Amino acid sequence: MTANPTPSDLLASLRRAIEAQDDDLAEHFVRRLTTADGALVAELVTWLDDPDTDRRWWGVRTLVAVAGLAGDGATALDPLRKRLRDDDASIRCAAALALAELGLVEATDDLVETLSDVNGWVRASAADALALMGEKAVPALATVLATGPQGARSRAAHALSKIRTLETAEVFYRYLQDENQLVQAYAYDTLDQMGFLRTILVV
């Protein structure tokens, strides 16, 4: 490798590290990618359909960094959405968080669907991703609380508890007596920590 490796050089080194199953070295090369362009983003998108699970996972991981550097998150939107249905749970988790890290709010409904994933780790990652989306995700999360299955409702309440805006407080007021104990607990604790329960008790 040259003293000043190009992004293509680093990507080639990353490929070799993945093939050697050296995660620490792979992460090292990802972190060295400090510049990127549309061509690099396009190449990484092809990794997301690779038959090799490790290549797909690192494709997601690297795409977050590279698409952000290139200002090309939109190119990653549909490929990352597709990975929310990957056979491997770790890739579904990575894709959910990648969508949030790139600020791709267009994927909010996809993440909401992922709250009902068969894997608990994936459901938790989807909830964390929606929380990272912030206030823009509140309407979709409120809909899950109103009409979703119980497991998804619990995860939606968890995400809302992290967003903590006036809009989330308005949503949680309706669930202080909810039949789902987790939803009720998130509503109570969030409103209490935001200082709104004292207002209710005084009234």
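Biologist: Is Leu84 buried or exposed?
Modeller: At 5% relative accessibility, Leu84 counts as buried, where buried means under 20% relative accessible area, exposed over 50% and partly exposed in between, with a 1.4 Å probe and protein chains only. This is a predicted model, in which local features need pLDDT of at least 70 and side-chain atom pairs count only at pLDDT 80 or more, whereas totals for chains, interfaces and linings use all residues. Residues are numbered from 1 along each chain as its sequence is written, and side-chain values use heavy atoms, with hydrogens and water left out.

Biologist: Where does Leu84 lie?
Modeller: Leu84 is in the loop between helix H5 (73-83) and helix H6 (89-101). Helices are DSSP runs of H or I with at least four residues, strands are runs of E with at least two, and both are numbered from the N terminus.

Biologist: And which residues does Leu84 contact, leaving aside neighbours within four places in sequence?
Modeller: Leu84 is in contact (heavy atoms within 4.5 Å) with Arg92, Ala95, Ala96, Leu99, Asp110, Leu111 and Thr114, once neighbours within four places in sequence are left aside. The C-alpha atoms of Leu84 and Ala95 are separated by 5.9 Å, at 11 residues apart along the chain.

Biologist: Arg92 is on that list; which residue does its side chain meet in a salt bridge?
Modeller: Arg92 forms a salt bridge with Asp117 at 2.9 Å, N to O. The term requires a side-chain nitrogen of Lys or Arg within 4 Å of a carboxyl oxygen of Asp or Glu. Arg92 belongs to helix H6 and Asp117 to the loop between helix H7 (108-114) and H8, so the pair ties together parts that are 25 residues apart in sequence. Both Arg92 and Asp117 are buried.

Biologist: What about Asp178 and Arg153?
Modeller: Their side chains also meet in a salt bridge, at 2.7 Å from N to O. Asp178 lies in the loop between helix H11 (166-173) and helix H12 (181-193), and Arg153 in helix H10 (residues 150-163), so this pair ties together parts that are 25 residues apart in sequence. Asp178 and Arg153 are buried.

Biologist: How many salt bridges are found in the whole structure?
Modeller: The search finds 13. Asp49, Arg56, Lys82, Arg83 and Asp86 are linked in a network of them. Arg81 and Asp78 form another such pair, at 3.0 Å from N to O. Because they are three residues apart in helix H5, Arg81 and Asp78 are separated by about one helical turn. Asp78 is exposed, with a relative accessible area of 52%.

Biologist: Changing topic, how many helices and strands does the chain have?
Modeller: The chain has 13 helices and zero strands. Its C-alpha atoms fill a box of roughly 70 × 30 × 25 Å along the principal axes. Buried residues make up 49% of the 203 residues. Of the contacts with a separation of 6 or more, 61% come from residues 24 or more positions apart.

Biologist: Which residues does Leu14 touch, not counting those up to four places away in sequence?
Modeller: Leu14 touches Ala26, Phe29, Val30, Trp47, Trp58 and Thr62 on that basis. Leu14 lies in helix H1 (residues 7-19) and is buried, with a relative accessible area of 0%.

Biologist: Where is Ala127 found, then?
Modeller: Ala127 is found in helix H8 (residues 120-133). At 0% relative accessibility, Ala127 counts as buried. Apart from neighbours within four places in sequence, Ala127 is in contact with Leu115, Arg155, His158 and Ala159.
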